[in-house]
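Student: I'm new to this structure and would like to learn how to read it. Could you walk me through it?

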Amino acid sequence: MLNERDSLIIYLQKLKENKFKVSNHNDLKNYSTLMLKYIGDKDPVLRDDLIYIAFNKWISKFKYFSEEELLNILSISLDKEHLFFKIGNTQDDSVFTRSFSVLIVCLILERHRERPFLSESLFIDVKNALLEYYAKENDLRGYVENYGWAHSAAHGADGFFEIVLSKECDEELCISIMDSIKNKLFNGYYIFHDEEDERMVDVVNMIYTRKLISRERFETWLLFLVKCLSEFTEFKKYICRVNIKNFMRSLYFKTRNLEYDEELVDYIFNLAKEI
C-alpha cells in the first residue's frame, strides 16, 4: 500500500503531464495541504519540480484558490513548522522547508498585488515575518549537492521584491529591507556564489526606480556598505568584502542596463573601485 508521500508524488506526476490542471476542487484542497507538509522534502524533484511548480500554476496562472483558501495557505506558510521551522539551524535539511515556504508567500503576495485581499494588519504581519526570517536564517547555502537548491538568501530577497512592489510599501519599510540585505551581505562566514547578489540587487533597484527612497538616502546606504568594512576582523572582513564587491558589481551593470542617470552610475562605479 502506498504511503501519503508516494501517493502525492504519483498524483503530481500525473498532473504534470496535464500541465498541472485540476478539475476536482476537493483534490486541490486535499493535496495542497499535503504539499505544504512536504514543501521541504529532500528530494529536489518533489520539492522544486512538482510541489513548487504546482503551487505556482494553481496560485498565479490558474487562480484556483479562493481568497479564504489563500489566507489559509499563507497562515501555514508563515508558521513555526514552515517559515520558522528549526530556524537558526545550519547544514541540515530544515533549510528547504524554510526557503520554499518563502516562495509560497511570494506567490500569494503577487496575487495580492493583482487584486488586494490582505488586510493592512495582515500585510504588516507578513512583512514582519519576512524581515524576521531573513535576520534569523543562518543556513546560506545555495545549491546543495544531491538535494538541489536551498537558496535561502535568494528566496528571501524574492520575498522582499514582492513587498517592495506592493502599494503598502513605504520609505520606512524600504530602509528596513535594505538594512536586512546589508546584514546578510555582512554575515561574516559565507561567501555568496549562486547569484544571490543579483536577487538582492533586484530588490534595491526596485526600491530606487519606484522612488520609494530619496537619492540621497540611496547613496548614503551604498556608501555605508563600503565604508563599514573596516569594522570587521581580518577573516570576516575578507568574506564581507567579497560579498559587497559582488553586490556592487551586479548593481553597477544592472544600473547601466536600466539607464540610470550617468552621475549615479559613476557614483556606484567609484564605490566599487574603492573595494
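Tutor: Let's start with burial. In this predicted model, buried residues make up 51% of the 275 residues in the protein chain.

Student: How many helices and strands does the protein chain have?

Tutor: There are 12 helices and two strands.

Student: What describes a pair of aromatic rings?

Tutor: Such a pair is described by the distance of the centres and the angle of the planes. Here the count comes to 13 aromatic pairs. Take Tyr190 and Phe192: their ring centres are 5.6 Å apart and their planes stand at 70°, so this pair is edge-to-face.

Student: Is Phe192 buried or exposed?

Tutor: Phe192 is buried, with a relative accessible area of 4%. Tyr190 is buried as well, at 15%.

Student: Which parts does the pair of Trp221 and Phe247 tie together?

Tutor: First, the geometry: the centres are 6.0 Å apart and the planes at 75°, so Trp221 and Phe247 are edge-to-face. Trp221 lies in helix α10 and Phe247 in helix α11, so the pair ties together parts that are 26 residues apart in sequence. Both Trp221 and Phe247 are buried.

Student: Which residues do ring pairs link into a cluster?

Tutor: Look for Phe55, Trp58 and Phe65. Then find Tyr134: Lys184 lies over the face of its ring, 5.1 Å from the ring centre.

Terms used:
Residues numbered from 1 in each chain as written. Predicted model: local features only at pLDDT ≥ 70, side-chain atom pairs only at ≥ 80, totals over all residues. Heavy atoms only, no water. Phe/Tyr/Trp six-rings, centres within 6.5 Å; stacked < 30°, edge-to-face > 60°. Buried < 20%, exposed > 50% of the residue type's maximum accessible area, 1.4 Å probe, protein only. Helix = DSSP H or I, 4+ residues; strand = E, 2+ residues; numbered from the N terminus. Lys NZ or Arg CZ within 6 Å of the ring centre and 35° of its normal.
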